Amino acid sequence: MASHSRRLTKNTPRILLVEDDNILAGMYKKKFQLAGMKLDHAKDGSEALKRVRRKYQLILLDILLPHHDGFEVLTNIRASRENASTPVFLLTNLSDVETVARARLLNIQAYLIKAHVTPLEIVTKVLKILEPV
């Protein structure tokens, strides 16, 4: 399947990726750009808390982050005027039952284990959420 780059416009979906692994973030950024989406990157919880003051169409959020963990960031997202109803995908390697249950209580769209999904699979899941039926 060939990948076609779409031109970015003012209506281009804006995604926030909160991920402390810069190599992984770079791979996601490239895949999302090829799919025609704008990906902003926050490298830690502090930066994420600043960025969520802006409206996003979807947020990809790691749980284990420097400064503020993903649950603290997610709680702030859900309390914000800008992103209270924004779909959030938790993207983590934590798979214990307690962590998954805690995440589901915070109204997430998806809980994805990094080791089990590729960046392209995540782009596909995001497109399914964002594109009208």
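Predicted model: local features only at pLDDT ≥ 70, side-chain atom pairs only at ≥ 80, totals over all residues.

Analyst: Residues are numbered from 1 along each chain as its sequence is written, and side-chain values use heavy atoms, with hydrogens and water left out.

User: How many residues does the largest nonpolar core have?

Analyst: A nonpolar core is a set of buried Ala, Val, Leu, Ile, Met, Phe, Trp, Tyr and Cys residues joined through side-chain atoms within 4.5 Å; buried means under 20% relative accessible area (1.4 Å probe, protein chains only). Here the largest has 21 residues, and Ile59 and Leu61 have the most contacts inside it.

User: Which helix or strand supplies the largest share of this core?

Analyst: Helices (H or I, at least four residues) and strands (E, at least two) are DSSP runs, numbered from the N terminus. The largest share, four residues, comes from α3. A second, separate core has 19 residues, including Phe32 and Val117.

User: Where do α1 and α5 meet?

Analyst: Contact means heavy atoms within 4.5 Å. Met27, Tyr28, Lys31 and Phe32 of α1 meet Pro119, Leu120, Ile122, Val123 and Val126 of α5.

User: At what angle do the axes of α1 and α5 cross?

Analyst: Axes are lines fitted to C-alpha atoms, for helices over the stretch in contact, and angles run from 0 to 180 degrees between N-to-C directions. The axes of α1 (residues 22-34) and α5 (residues 119-130) cross at roughly 45 degrees and come within 9 Å.

Terms used:
Buried < 20%, exposed > 50% of the residue type's maximum accessible area, 1.4 Å probe, protein only.
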